[in-house]
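Morning, everyone. Please look at the screen.

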Amino acid sequence: MSKLKRAYLPSPALSLSLAGIFGDGGSTAASGEVETVEISSENSGAGKYRSDEEEKHIIDNEDDCDDDVDDENCINGGEKKKKKRKKYHRHTPEQITEMEALFKESPHPDENQRLQLSKQLGLHPRQVKFWFQNRRTQIKAIQERHENSVLKTEMDKLRDENKVLRETLKSPSCPNCGFTTTTTSGKESITAATEEQRLRVENATLKTEVEKLRSIIGKSPHGTSPNTSSCSPPGNINYQENRSSFDFNTGIFGLEKSRVKDTVNIALNELIKMATHRGPLWVPSYETGREILNYDEYTKEFCNENYYHKMQPNKSIEASRDSAIIFVDLLWLVRSFMDANRWQELFPCLISNASTVDVICNGEGENGDGAIYLMFAEIQMLTPMVATREMYFFRHCKKVSTNQWAIVDVSIDVDNIDASSQKCRKRPSGCIIEDKSNGHCKVTWMEHIECQKIPIHSLYRPIVNTGLAFGARHWICTLQQQCERLVFHVATNVPVKDSSGVDTLAGRKSILTLSQRMSWSFCRAIGGSRRILWKKIVSKTGDDIRVSLRNNLNEQGEPLGTILSAVSSVWLPLSHHALFDFLRDENRRNEWDIMSNGSTVQSTVNLAKGQDRGNAVTVMDMKAEVQSVWVLQDSCTNAYESMVVYAPVDIKGMQSVMTGCDSSKIPVLPSGFAIISDGIESRPFVITSTRHDEKSTDGGSLLTVAFQILISNSTSAELSMDSVDSVNALISCTLQNIKRSLHCED
């Protein structure tokens, strides 16, 4: 994403180069060094510039010709000038200032403008014409030098990668698993396969970047730069660096600013109607009890208001809505949605990457009423078996009434954006936030997504195809859980039973901060993001295992060295709440944790971080015969999904955290479990007036097991067969122990 952003946004080096052209021009004019050069349309292209001596001869000849009406005498004068050179003609500072001012308004003045300016400055119209041609050519030359430099750098990188790749491809590999098929040793095979896969990904990335640069150059108007504009305000040299790309009449994404505003306003109106209307637009499902969008009614209602209601070939539509009362400040929540980093922190299990690509409008006031941002997001599930959804969209926040705000997202077709991110588009989606009393808000969430149909792993096909995986319920449950966690984090009146083992408020906050960082790291490490290179292997029990290798060079929150991640997902015939209660129970940890080796597990710290007793942070002491091991565990649950994340911690370091010391430098390498329902829902055959607890719902669960292991303190270590065998055995034994304890081995 950073490469894409740098490619589209103005380059600092180019901005500094053009600052002297679009700037005030006073310093240049004062020196009196500006020459007029005649440049015709025939030699305005690349590689057709005259030398300085040729230009000087032409200028002097033209000045002589302007004083004589006879064309023949003009030619003869030109021949004489080749023998005897005259003084160069230089414009005065006043003339340069006037021509600079007109150039900023109109780089291509018409004949009447040139004639009027020539009379005003006492110049011949042809001199004015040549000065404007010369200035446009200077801009084009700077632009081409910059573009050639960028392309040359990218091509050099690509050439080096191709050279290494050709050497690597001399050893054939299996297309399914990536391992080499030669008779070399296991360690050499794994190393070659890992290096080849990395080179393939980097090579494809470089090709994509070069194509993006070429497309930007190809879409630029003739004689102008895609990163500059001719309408910068006078006297502001740094304006080119600070301006938004949408300050152009047509931005680098090929969209007009007025079109963006019109689209987000239409999307806002649709979002409000979709969030508030009931039947016949939304009808309840008899099988699941959830609301289903009546697409025929949707087309009738909104066909005249937008252009994105049309069904695209090979595309599927997912629409859902949900609402909840959340303990959060309304304006704080609005600002969090408009900040990409805070938005990602609110949804760590859903968002693997998010960024603000461009600011179209900052809005009014400190809360940004009316702001419009172009954003990028990579949406994930907590498993590498489901590909992430990448999308660009415009986010607009608007104060609808005194106590109500709306956040709307909508995608617009953009030519210059990577085609892979266009596989998934946001139709008008977002939320309506209504302020209630006592610091509570009612949040109504709407998700309306258009996605390209792609193959999905059989385990996750039901939950993805029914729209539950990325639906409104998932977003609203996660938001409710995270806001509740924040409330417990800053609370000062926590009951003693909810804060055992820690004497000070500072110690409680420090432990909660450390556990939150651990969970965020876990979510980033096990998703299906394209930045993670997953390799598929088969376990001893026949389950699919995905492994990846990464190097931690300077991240303080994790151990430095080479880290191996291994993930596997299975289906179990248990509700996800029952499975969660089993995995978080320290009294039953010995039943599945082979690392405990029969040790006595005792909880020394227990901190609540939500109303549900399952939302808690614990510090467990595993007492063995030789030594004790402390494990930090963060368990969290909601109506949609649950997680149990844990990591061994240094005892002295953890003791300092418990007293309130800074926890940012405590290294943790989390492992754990992610649990969701299998997506196969059905209503009970008998409906009663008694409301059953959601935790008692029958059904199966999808369990994702993830382990992270530091295999070497060196950042240059390679993946070995011994490491693969060890993690294979670790996951296989853990899954077997869980199935045996829960009586679901078959």
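Start with the contact between α6 and α8. On the α6 side we have Met 99, Glu 100, Leu 102 and Phe 103. They meet Trp 131, Phe 132, Arg 135, Arg 136 and Ile 139 in α8. Contact here means heavy atoms within 4.5 Å. By class, that contact has 6 nonpolar, no polar and 3 charged residues. Ala, Val, Leu, Ile, Met, Phe, Trp, Tyr, Cys and Pro count as nonpolar, Asp, Glu, Lys and Arg as charged, and the others, Gly among them, as polar.

A word on the source. This is a predicted model, where local features need pLDDT of at least 70, side-chain atom pairs count only at pLDDT 80 or more, and totals for chains, interfaces and linings use all residues. Residues are numbered from 1 along each chain as its sequence is written, and side-chain values use heavy atoms, with hydrogens and water left out.

Now the geometry. Helix α6 covers residues 93–105 and helix α8 covers residues 125–168. Their axes, lines fitted to C-alpha atoms over the stretch in contact, come within 11 Å and cross at roughly 60 degrees.

Next, Ser 106. This residue lies in the loop between α6 and α7 (111–121). Is Ser 106 buried or exposed? Ser 106 counts as buried, because its relative accessibility is 18%. Buried means under 20% relative accessible area, with a 1.4 Å probe and protein chains only. Leaving out residues up to four places away in sequence, Ser 106 touches Gln 113 and Phe 132. Phe 132 is also in the α8 group that meets α6.

Finally, the whole chain. Of its 746 residues, 49% count as buried.

How values were computed:
Axes are lines fitted to C-alpha atoms, for helices over the stretch in contact, and angles run from 0 to 180 degrees between N-to-C directions. Helices (H or I, at least four residues) and strands (E, at least two) are DSSP runs, numbered from the N terminus. Buried means under 20% relative accessible area, exposed over 50%, partly exposed in between (1.4 Å probe, protein chains only).
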